[in-house]
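Here's a structure to learn from, one feature at a time. Have a look around before the questions start.

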Amino acid sequence: MLISILLLLFALRNRMIDFTLSKYRQLLLSLQQQGYQFLTFEQYISSVKSSTSHFSTKFVILRHDVDLKASNSLHIAQIEHELGVVSSFYFRVVPESNQPDIIRAIADLGHEIGYHYEDMAIMNGEIDKAYVHFQEQLQYFRQFYPVRTI
């Protein structure tokens, strides 16, 4: 939500709404120039749990939910990597999101991979089946990255 607000403020400040990759790059550069540090969700949680926050008071956690166009997420991951930015990408099990080559490529760029679960909906609210499905899918995504956040 924070990044959504930042994107909106950035767009309003520049008097235009432009969600192109070019503007996204400009947003990241602007945040870097203002001294923001980028963290994955996993880095933030680990730091809070261990009470050893090795990050500045100005930080951004970028979380990307990969819903329909996994290839777009790869483009975002590449831009972030070029700029030395890390972020978290949460993939669904649906075919549009679950693209193994793209998941692997994003992980290889140094980004966090997470499971964007929806097991209760997939299993029509049956808790026991949803739990089993969740465990199976989490294990599946762990072949790409040691998933620790969902």
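Predicted model: local features only at pLDDT ≥ 70, side-chain atom pairs only at ≥ 80, totals over all residues.

## Reading helices and a sheet

Q: Which residues of H4 are buried?

A: "Buried" here means under 20% relative accessible area. In H4, the ones that pass are Ala-70, Ser-73, Leu-74, Ala-77, Ile-79 and Glu-80. These buried residues pack against helix H2 (21-33), E3, E4 and H5.

Q: What is the strand order of the open sheet, and how do its strands pair?

A: First, the general idea: strands of a sheet pair through backbone hydrogen bonds, either parallel or antiparallel. In this case, 3 strands line up in the order E3-E4-E5, and the pairing is parallel. Strand E3 (63-66) and strand E5 (112-115) are the edges: each has a single partner strand, so one side of each has no neighbour in the sheet. From one strand to the next, the twist averages 25°.

Q: How many bridges join strand E4 to E5?

A: Strand E4 (residues 88-91) pairs with E5 over 4 bridges, in the parallel sense. To find one of them, pick Phe-89 and look across to its bridge partner in E5, Ile-113. Then look for helix H7 (residues 127-141), which packs on the sheet and touches E4 and E5. The direction of H7 makes about 165° with that of E5.

Q: Where is Val-94, and which residues does it touch beyond four places away in sequence?

A: Val-94 sits in the loop between E4 and helix H5 (100-108). Leaving out residues up to four places away, Val-94 touches Asp-67 and Glu-118. Now try comparing sequence with space: Val-94 and Glu-118 are 24 residues apart along the chain, and their C-alpha atoms are 10.0 Å apart.

Q: Zooming out, how many helices and strands does the protein chain have?

A: There are 7 helices and 5 strands, and along the sequence they run α-α-β-α-β-β-α-β-α-β-α-α. Of the chain's 150 residues, 39% count as buried. Among contacts with a separation of 6 or more, 61% come from residues 24 or more positions apart. As for the surface, the chain exposes about 8,800 Å², with carbon and sulfur atoms supplying 56% of it.

Methods. Residues numbered from 1 in each chain as written. Heavy atoms only, no water. Pairing = 2+ DSSP bridges. Helix = DSSP H or I, 4+ residues; strand = E, 2+ residues; numbered from the N terminus. Axes fitted to C-alpha atoms, helices over the stretch in contact; angles between N-to-C directions. Contact = heavy atoms within 4.5 Å. Buried < 20%, exposed > 50% of the residue type's maximum accessible area, 1.4 Å probe, protein only. Areas by Shrake-Rupley, 256 points an atom, 1.4 Å probe, with all protein chains shown as cover.
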